[in-house]
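Please keep the structure open beside the text as you read.

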2 protein chains.
Amino acid sequence: MKDIAKRFPENPLLSPSDIPPSHKDLQIACILNPGVFQFDNKTWMILRVAERPEQKKDAISFPILTETSSEVIEISKNDPELDYTDARVINYKGADYLTTLSHLRLVCSDDGIKFYEPENYPLLIGQGIFESFGIEDCRVSYIEGIYYLTYTAVSPNGVAVGLRTTGDWKNFQSHGIILPPHNKDCAIFEEKINGMFYALHRPSSVAIGGNFIWIASSPDGIHWGNHQCIVKTRKGLWDSARVGAGASPIKTDKGWLSIYHGANENHQYCLGAFLMDLENPTKVIARTHEPIMMPIEEYELSGFFGNVVFTNGHIMHPDKNTVTIYYGASDEFVCGAEFSIKEIFSLLQYS
Amino acid sequence: MKDIAKRFPENPLLSPSDIPPSHKDLQIACILNPGVFQFDNKTWMILRVAERPEQKKDAISFPILTETSSEVIEISKNDPELDYTDARVINYKGADYLTTLSHLRLVCSDDGIKFYEPENYPLLIGQGIFESFGIEDCRVSYIEGIYYLTYTAVSPNGVAVGLRTTGDWKNFQSHGIILPPHNKDCAIFEEKINGMFYALHRPSSVAIGGNFIWIASSPDGIHWGNHQCIVKTRKGLWDSARVGAGASPIKTDKGWLSIYHGANENHQYCLGAFLMDLENPTKVIARTHEPIMMPIEEYELSGFFGNVVFTNGHIMHPDKNTVTIYYGASDEFVCGAEFSIKEIFSLLQYS
């Protein structure tokens with residue numbers, strides 16, 4: 001198999017051993033799924049860092065956040081009420097838990113390849129009862145001087161979309177949960193359209209429906225309505241089980257271009273693209289039939305959760321044709337790849 | 001078992017044979033779950049009317065809405081790809097369908113007991129691609145001269161909450177989907193609080209979380225944010241599997257009183273109540289431990305989907321103590337019962 005991604009020869013750009021854990025009792029299991037933005041003349045990533053204690057042979061242990069701090073839950077693998085068949089989510093006594101606790105970490109780079117942790121910038125950790133299982137997969141949208149951070153907020157209440165805003169990456173304002181469960185993969189457009197904010201998001205259905213991409217609009221970026229389903233899974237194709245938007249759509253002459261992830265029943269995650277009308281983004285006018293990127297390299301095939309490429313961050317180049325996507329590989333590493341927008345367009349099929 | 005509901009001796013108030021189907025080729029399988037409001041000096045219900053063709057012995061058939069009209073899908077019961085173990089939702093070739101198509105029908109009454117169809121008022125039917133499997137379980141909230149209709153909008157895209165508004169019940173404005181899948185049981189408060197609209201709603205989670213009651217706020221009644229989970233299921237109790245708000249909460253001196261439904265693992269649906277802070281309804285201050293109403297009567301125990309009492313409409317009496325709830329019994333009949341607010345309060349347990 002081949003795809004049209006030009007992977008960085010330096011991949012993976014970041015591995016769990018490259019940054020220190022947030023606490024001496026924890027280890028970093030994965031760093032993945034970076035949001036990406038430009039700030040202070042540098043390229044920045046806001047990484048998802050997934051941590052847990054050193055794992056004993058016969059037990060599963062993971063931290064959760066409490067009101068003031070955190071605690072570790074440890075469950076024997078012999079416990080008949082434990083189901084740990086999925087590396088990411090376990091079920092114990094009928095309740096689901098994440099096997100790792102994620103926070104968001106800032107790193108920056110002068111060349112877009114070598115990233116380092118800047119001094120005097122905070123970690124972003126889960127806050128309050130709707131983020132006690134952590135925060136994940138942050139998209140960053142820069143709109144009228146403000147950075148909008150949309151991320152997955154996980155807690156026993158459910159999996160939902162949280163929003164924080166910042167101007168300087170040191171002071172943040174929380175706007176709570178903007179999309180209720182079960183929802184992920186929310187990317188706000190970086191421009192208002194006809195005076196309204198727009199966002200892509202991915203609700204999931206317990207019956208009737210599926211894991212589809214929806215679009216919503218908002219007068220203020222905080223309160224959302226007019227939800228419409230615009231991209232569905234496709235039976236028999238690489239995106240048959242779930243689809244979800246990547247970073248904020250790219251504005252082109254021909255429309256808003258979204259790079260999205262799709263997974264099939266075997267949990268293989270690939271990337272594709274679709275195009276929305278410039279004036280009315282609820283209208284999808286084209287979509288790639290084949291993926292534009294598939295897990296091929298060793299670091300994409302094997303890891304914490306293998307066979308995965310997943311993106312929620314990119315940088316457009318000044319040539320207006322090259323886009324560097326940063327992506328999570330195997331839910332464990334952070335990698336980079338370039339695409340030609342023209343090449344992506346050549347794979348779009350107009351409906 | 002006993003409960004504190006004073007059922008109308010006239011129950012059921014309405015049965016499927018009491019009103020004509022919307023089309024000569026359809027039969028009414030159920031009338032249920034009425035929204036209730038006062039208008040033109042009468043008590044009105046907006047019924048959910050669930051229809052399907054006459055059922056052949058060896059097949060399941062049901063209508064769905066198309067862009068301009070409707071069509072009937074018929075599936076042989078011998079088809080190995082059909083699962084019809086649930087009377088309400090079937091699965092065929094991996095996709096879910098409803099066994100009936102619901103629309104909303106207005107009836108009115110001078111005494112709150114005998115209801116009849118008024119002349120020259122329209123049916124409300126599903127419109128557009130997000131309502132092609134019908135519209136259900138409408139709550140009506142009267143706010144500053146406008147009736148807000150929140151209802152379940154069902155389609156292959158998922159189960160979501162739609163909003164229409166009206167002033168005269170003849171002309172309606174659609175505001176699309178205000179809460180994306182999977183969501184139901186949305187009731188808007190009939191007063192703004194500190195300048196904001198508030199609503200209860202019930203998202204469902206595919207993993208982590210559950211079927212819990214959330215609250216959200218809105219500057220305009222159309223765009224919603226700041227979602228917070230406020231009422232959860234309780235293991236081992238009558239509301240262990242799902243909870244969902246009834247009609248708009250009742251304003252009392254002590255707080256906003258919500259009558260809600262809860263179901264257990266055996267799909268027995270009962271009613272309970274909880275109380276929210278007057279100034280900050282995100283704060284739940286009390287909740288009944290036992291149900292205030294359980295399926296006891298024959299018409300509540302047997303029907304299209306038995307063992308169910310479910311309410312989404314009520315009328316407060318001028319005495320400020322008596323509330324008449326209208327409710328769906330066994331997903332087939334419309335019934336009424338009175339409660340004393342004082343008695344409900346006597347069962348509330350403060351936390």
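This is a predicted model: local features need pLDDT of at least 70, side-chain atom pairs count only at pLDDT 80 or more; totals for chains, interfaces and linings use all residues.

A residue counts as buried when its relative accessible area is under 20% and as exposed when that area is over 50%, with partly exposed in between.

Let us begin with strand β7 of chain B, which spans residues 89-92. I90(B) and Y92(B) make up its covered face, while V89(B) and N91(B) make up the uncovered one. As a general point, side chains in a regular strand alternate between the two faces of the sheet.

β7(B) belongs to an open sheet of three strands, ordered β6-β7-β8 in chain B, with antiparallel pairing. Because β6 and β8 of chain B stand at the edges with a single partner strand each, one side of each is left without a neighbour in the sheet.

On one flank, β6(B), residues 82-83, pairs with β7(B) over two bridges in the antiparallel sense. Five residues join β6(B) to β7(B) in a hairpin. Within this pairing, D83(B) stands opposite N91(B), and L82(B) has Y92(B) as its bridge partner. N91(B) is on the uncovered face of β7(B) and Y92(B) on the covered one.

On the other flank, β7(B) and β8(B), residues 95-98, are antiparallel and share four bridges. Two residues lie between β7(B) and β8(B) in their hairpin, and K93(B) in the turn has a positive phi of about 50 degrees. Here I90(B), from the covered face of β7(B), has Y97(B) in β8(B) as its bridge partner.

**A four-stranded sheet in chain A**

Chain A has an open sheet of four strands in the order β1-β25-β24-β23, again with antiparallel pairing. Its edge strands are β1 (6-7) and β23 (309-316) of chain A, each pairing on one side only. Between β24(A), residues 322-329, and β25(A), residues 333-340, there are eight bridges. One of the residues involved is G328(A), whose bridge partner in β25(A) is V334(A).

| Strand pair | Sense | Bridges |
|---|---|---|
| β6(B) and β7(B) | antiparallel | two bridges |
| β7(B) and β8(B) | antiparallel | four bridges |
| β24(A) and β25(A) | antiparallel | eight bridges |

**A buried serine**

Now to a single residue in a loop. S248(A) is found between β18 (242-245) and β19 (250-252) of chain A. Is S248(A) buried or exposed? S248(A) has a relative accessible area of 3%, so it is buried. A polar atom of its side chain lies 3.3 Å from the backbone nitrogen of E190(A). Leaving aside residues up to four places away in sequence, S248(A) touches S141(A), A187(A), I188(A), F189(A), E190(A) and H314(A).

**Where the chains meet**

How many residues does each chain bring to the contact? Chain A gives 45 residues and chain B gives 45 residues. About 3300 Å² is buried between chain A and chain B, with carbon and sulfur atoms giving 63% of that area. The two chains have zero salt bridges between them, but 11 residue pairs are in polar contact, both residues at pLDDT 80 or more. Elements giving two or more residues to the chain A side include β8 (95-98), β11 (146-155) and β17 (225-231) of chain A. β17(A) provides the largest share, five residues. By type, the residues on the chain A side divide into 23 nonpolar, 17 polar and five charged.

Technical notes:
Residues are numbered from 1 along each chain as its sequence is written. Chains are lettered from A and ligands numbered from 1 in the order in which they are written. Side-chain values use heavy atoms; hydrogens and water are left out. Contact means heavy atoms within 4.5 Å. Buried area is the accessible area (1.4 Å probe) that two parts lose on being put together, summed over both. A salt bridge is a side-chain nitrogen of Lys or Arg within 4 Å of a carboxyl oxygen of Asp or Glu. A polar contact is a pair of N or O atoms within 3.5 Å; within protein, one must be able to donate a hydrogen and the other to accept it, and residues adjacent in sequence count only if both atoms are side-chain atoms. Ala, Val, Leu, Ile, Met, Phe, Trp, Tyr, Cys and Pro count as nonpolar, Asp, Glu, Lys and Arg as charged, and the others, Gly among them, as polar. Buried means under 20% relative accessible area, exposed over 50%, partly exposed in between (1.4 Å probe, protein chains only). Two strands pair if DSSP finds at least two bridges between them.
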